[in-house]
Amino acid sequence: MNTLNEVLSLEPAKFDAHWDEIDRIIFRLDNAPEQIDAWEKVLLILKPTVLSKGHPYFRLGVLRLRVDPDHVAAVSFLEQ
């Protein structure tokens with residue numbers, strides 16, 4: 001996997017085996033807003049499933065803490 005589109009085309013059950021690759025791909029995006037958007041897209045894929053969503057929520061929470069003036073919203077991602 002080398003692109004965000006490849007990540008987003010994964011079957012939800014396969015995300016867990018690829019978090020290292022997914023991290024690498026998303027962290028290579030140009031800026032924090034693009035990275036936030038990418039993690040939100042990952043969550044949209046995982047939300048309707050019973051699979052763990054901890055990894056993307058954590059990454060999204062950390063990014064939001066860095067760039068969002070509303071830290072309460074960012075912490076809510078970390079709590080999920």
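Visitor: Of the 80 residues of the chain, what percentage count as buried?

Guide: This is a predicted model, in which local features need pLDDT of at least 70 and side-chain atom pairs count only at pLDDT 80 or more, while totals for chains, interfaces and linings use all residues. Residues are numbered from 1 along each chain as its sequence is written, and side-chain values use heavy atoms, with hydrogens and water left out. Buried means under 20% relative accessible area, exposed over 50%, and partly exposed in between (1.4 Å probe, protein chains only). By that criterion, the buried share of the 80 residues is 34%.

Visitor: Which elements make up the chain, and in what order do they run from the N terminus?

Guide: Helices (H or I, at least four residues) and strands (E, at least two) are DSSP runs, numbered from the N terminus. The chain has 5 helices and 0 strands. Their order is α-α-α-α-α.

Visitor: What is the radius of gyration of the chain, and what does the globule rule give for 80 residues?

Guide: The radius is taken over C-alpha atoms, and the globule rule is 2.2 Å times the number of residues to the power 0.38. The chain is as compact as a globular protein of that length, because its radius of gyration is close to the value from the rule: 12 Å against 12 Å.

Visitor: How many aromatic pairs does a search of the whole structure find, and which residues do they link into a cluster?

Guide: Rings of Phe, Tyr and Trp (its six-membered ring) pair if their centres lie within 6.5 Å; planes under 30 degrees apart count as stacked, over 60 as edge-to-face and the rest as tilted. The search finds 2 aromatic pairs. In one, phenylalanine 15 and tryptophan 19 have ring centres 5.8 Å apart and planes at 55°, so the pair is tilted. The cluster linked by ring pairs consists of Phe15, Trp19 and Trp39.

Visitor: How many residues apart in sequence are the parts that tryptophan 19 and tryptophan 39 tie together?

Guide: These two residues form a tilted pair, 6.2 Å centre to centre with 40° between the planes, and both tryptophan 19 and tryptophan 39 are buried. Tryptophan 19 belongs to helix 2 (residues 19-27) and tryptophan 39 to helix 3 (residues 32-46), so the parts that they tie together are separated in sequence by 20 residues.

Visitor: Is valine 7 buried or exposed, and which residues does it touch, not counting those up to four places away in sequence?

Guide: Valine 7 is placed in helix 1 (residues 4-8). Its relative accessibility is 0%, so valine 7 counts as buried. Contact means heavy atoms within 4.5 Å. With residues up to four places away left out, valine 7 touches Met1, Phe15, Ile22, Ile25 and Val42.

Visitor: Which residues is aspartate 23 in contact with, leaving aside its neighbours within four places in sequence?

Guide: Aspartate 23 is in helix 2. Its relative accessible area is 8%, so aspartate 23 is buried. Beyond its sequence neighbours within four places, the contacts of aspartate 23 are Trp39, His55 and Arg59.

Visitor: What is the relative accessible area of serine 76?

Guide: Serine 76 lies in helix 5 (residues 71-79). Its C-alpha atom is separated by 19 Å from that of proline 48, 28 residues apart along the chain. Serine 76 is partly exposed, and its relative accessible area is 29%.
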